[in-house]
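Trainee: Please take one part of this model and go through it closely. I would like the surroundings as well as the part itself.

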Amino acid sequence: DYAKVSANARQRLRRNPEEIDTLLLLGEAAQRQNRWDEALDAYAKIPISADEESVAAKVSATSIALQLGRLELAEQFLLQIDQAAGSLPVTDDQWVSVLTLSGQRF
């Protein structure tokens, strides 16, 4: 039940707002409920690093931002990923989408 998961995660974050595992859980639960802004907010609070969870959160955030047509936000997430983990095959299509949709074809 994603609604219960979200409620429990929000409650935990009131005590410890920087708990990465809980932010990831909240982001995923919100995403599965199509609560895009809540998912973006949770994923955005996760500090970027080269670890797999952090990168996965930012990739998910990029996908959501692209779905919502928020190209500038998608680009910000992609730049964070590139800075922390370098160029990754998983973000290549996202970069193509951001650059094409924003008219940066060359």
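Mentor: Asp41 sits in helix α3. The model is a predicted one, and in it Asp41 is partly exposed, with a relative accessible area of 40%. From Asp41 to Gly103 there are 62 residues in sequence and 27 Å in space, C-alpha to C-alpha. Glu38 also belongs to α3. Its relative accessible area is 16%, so Glu38 is buried, the cut-off being under 20%. Leaving aside residues up to four places away in sequence, Glu38 touches Arg10, Leu26 and Ala30.

Helix α1 (residues 2-15) packs with α2 at an angle of about 150 degrees, and the two axes are 9 Å apart. Their crossing is left-handed. On the α1 side the contact is made by Tyr2, Val5, Ser6, Ala9, Arg10, Arg12 and Leu13, and on the α2 side by Thr22, Leu23, Leu25, Leu26, Ala29, Ala30 and Arg32. Sorted by class, this contact of α1 with α2 has 9 nonpolar, 2 polar and 3 charged residues. The loop between α2 and α3 holds Asn34, a residue other than glycine with a positive phi, near 60 degrees.

Buried in α4 are Ser54, Val55, Ala57, Lys58, Val59, Ala61, Thr62, Ile64, Ala65 and Leu66. These buried residues pack against α2 (20-32), α3, α5 and α6. After α4 comes Gly69, with a positive phi near 75 degrees.

Helix α5 (residues 71-85) has 15 residues and reaches 21 Å from first C-alpha to last, close to the 21 Å expected. Its buried residues are Leu71, Leu73, Ala74, Phe77, Leu78 and Ile81. Seen down the axis of α5, they fall within an arc of 165 degrees, so they line one face of the helix. The face of α5 turned away from the buried side carries the exposed residues Glu72 and Gln83. The cover over the buried residues of α5 includes α3 (36-44), α4 (52-67) and α6 (89-101), and α3 is the helix that holds Asp41. Just after α5, Gly86 has a positive phi of about 80 degrees.

α5 and α6 pack at an angle of about 145 degrees, with axes 10 Å apart, and α5 passes α6 in a left-handed crossing. From α5, Leu71, Ala74, Glu75, Leu78, Leu79, Ile81 and Asp82 make the contact, and from α6, Thr91, Gln94, Trp95, Val98 and Leu101. By class this contact of α5 with α6 has 8 nonpolar, 2 polar and 2 charged residues. Among the contact residues of α5, Leu71, Ala74, Leu78 and Ile81 are also buried.

Definitions and conventions
Residues are numbered from 1 along each chain as its sequence is written. This is a predicted model: local features need pLDDT of at least 70, side-chain atom pairs count only at pLDDT 80 or more; totals for chains, interfaces and linings use all residues. Side-chain values use heavy atoms; hydrogens and water are left out. Helices (H or I, at least four residues) and strands (E, at least two) are DSSP runs, numbered from the N terminus. The expected span of a helix is 1.5 Å times one less than its number of residues. Buried means under 20% relative accessible area, exposed over 50%, partly exposed in between (1.4 Å probe, protein chains only). The arc is that of the directions from the helix axis to the C-beta atoms. Contact means heavy atoms within 4.5 Å. Axes are lines fitted to C-alpha atoms, for helices over the stretch in contact, and angles run from 0 to 180 degrees between N-to-C directions. A crossing is left-handed if the near helix is turned anticlockwise from the far one by less than a right angle, and right-handed if clockwise. Ala, Val, Leu, Ile, Met, Phe, Trp, Tyr, Cys and Pro count as nonpolar, Asp, Glu, Lys and Arg as charged, and the others, Gly among them, as polar.
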